[in-house]
Amino acid sequence: MTKRFLTAALLLSVSALPALAAKTSLVVGMPIEPPGLDPTIAAPVAIREVTWVNLYEGLVRIDRNGKVQPLLAKSWEVSPDGLTYTFRLQEGVKFHDGTSFDSADVKFAFDRARDPKSTNAQKQIFAPIAYIETPDPATVVIKLKETSGNFLYYLGWGDAVIVAPETAAANASNPVGTGPFKFKSWTRGDRVELTKNPDYWQKDKVKLESVTFRFISDAQAQVAALRAGDVDAFPNLGAPELFAAFQKDTRFKAVAGNTEGETVAGLNSAKKPFDDVRVRRALMHAVDRKALIEGAYSGFGKPIGSFFSPNHPAFVDTTNVVPYDVGKAKALLKEAGFGNGLSITIKSPQMAYASRSAELLSAMLAEVGVELKIVPTEFPAKWIEEVFRNKDYDVTIVSHTEPLDIEIFARDNYYFNYKNDRFKALIAEASKTTDEKARFAKYAEAQKILAEDVPALFLFQLPKLGVWNAKVQGLWENSPIPSNDVTEVSWTE
């Protein structure tokens, strides 16, 4: 055979080989393991990062750009007075156990969430509801007691997903939703495995056959798992000092996105000396936000002076209301009776951003005569019990990653123990205001009140340092809502 014919034969044989199929499995790394798998009964964000729109769906959803989109409701109408919402539901949708989804499930889910005994972390979503009607299986009519400017937006949160009466009680350990993936298994301390839902109502949209969420708390172990290929993606890498190296590595895509996570050091305003605004302001004056961001997050993150996301159009920069000023900090402490020093503790969860920030805060406060003792506190279990529920703390630190959550400072008995009647009234007014410009003006005023009152040390907006295999496409670069939505994720060949 001549060389020319040999080459042609080889080319023919190569072209006859089947193309390599793209992978259909995905392993996603997370720093925190959820305590359960029902986002409608507990607060930890890790629950939503596994389950939201992967396992459970709501009437609407928040897309990757932060916009409200139809989901289990294909359309809706709002009455001119803003008090009646009529939702037209998708038909032919089934829960993972094979039962049909209809309007009765929506009524059950929302009535359950707004029940006085409910442990839903965002009960304010449902507070405006007067009653719910189900005129037919494909229609839900929600009547409100008062207008709610953010009602549709709130219905896109993980706290408002639809669960069925037949399975709701067991969802924390055996979740059943209408989403594109079904629960397969949970190996405590290690992973949650999901498998593709063959009966999903939008089945052509989903490319993956299986998804595994692996829980790796140690930042260096996260990096090692990525480099070894043990995980395909880490949407929130805990080692910012190594992020730049991933940006230079062509095997990975590394994106510095944003989140809705305000990182704050909460102050227990019901305890002395934090009941004195002079002390709270002194502590804030002692914090060099830029230096803290550099040390805790390698310069990633944006300084904040109040509790509001810089991504929101109503954001006001209040970092200069109580700026870094060691002299003012010392003067205020002396005025409040602590000129000879002060000793307090901070309960710090194990997340890298929290522990690093706590160490930096301790050093900064030492400069103004305040001893800040660090008490490591396991998150979520111990932190939820001691800080969130029992309010047994002086100072703590955590990122609140729910969007538009400034209203937590208006809640009675929230863990900050902060009370300001003007602020509370403003938030109530804002929630009822349907005119966007007027609502944003109220949010701006509320931000300034918090900046002046300092119920928490406002530090920085948590960045989203996402790293994933360069062949993975469809992951979110930003987090307008806490999620690891893998609905549209696929591999290139």
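This is a predicted model: local features need pLDDT of at least 70, side-chain atom pairs count only at pLDDT 80 or more; totals for chains, interfaces and linings use all residues.
Residues are numbered from 1 along each chain as its sequence is written, and side-chain values use heavy atoms, with hydrogens and water left out.

Select residues 67-400 to begin, the stretch that an unreviewed UniProt entry annotates as "domain: Solute-binding protein family"; such annotations may be inferred rather than shown by experiment. Over this stretch the chain is 25% helix and 26% strand, and the C-alpha atoms at its ends are 20 Å apart. Helices (H or I, at least four residues) and strands (E, at least two) are DSSP runs, numbered from the N terminus.

Next, go to Pro273, in the loop between β12 (252-267) and α7 (277-285), where the peptide bond from Lys272 is cis, with omega near 5 degrees.

Now select helix α11, residues 381-389, whose buried residues are Trp383, Ile384, Glu386 and Val387; buried means under 20% relative accessible area, exposed over 50%, and partly exposed in between, with a 1.4 Å probe and protein chains only. Among the elements that cover these buried residues are β14 (342-348) and β16 (395-400). Lys391, which follows α11, has a positive phi, near 55 degrees.

Continue into the loop between β16 and α12, where Leu404 lies. Leu404 has a positive phi of about 45 degrees although it is not a glycine, and it counts as buried at 10% relative accessibility. Asn413 is in the loop between β16 and α12 and has a positive phi, near 65 degrees, but Asn413 is exposed, with a relative accessible area of 57%.

Finally, select α12 (residues 421-432) together with α13 (residues 436-453), which pack at an angle of about 160 degrees with their axes 9 Å apart. That makes α12 roughly antiparallel to α13, a term for angles over 145 degrees, where axes are lines fitted to C-alpha atoms over the stretch in contact and angles run from 0 to 180 degrees between N-to-C directions. To see the contact (heavy atoms within 4.5 Å), display residues including Phe423, Leu426 and Ile427 in α12 and Tyr443, Ala446 and Ile449 in α13. The residues of this contact divide into 8 nonpolar, no polar and 5 charged.

Note on methods. Angles under 35 degrees count as roughly parallel, over 145 as roughly antiparallel, 65 to 115 as roughly perpendicular and the rest as oblique. Ala, Val, Leu, Ile, Met, Phe, Trp, Tyr, Cys and Pro count as nonpolar, Asp, Glu, Lys and Arg as charged, and the others, Gly among them, as polar.
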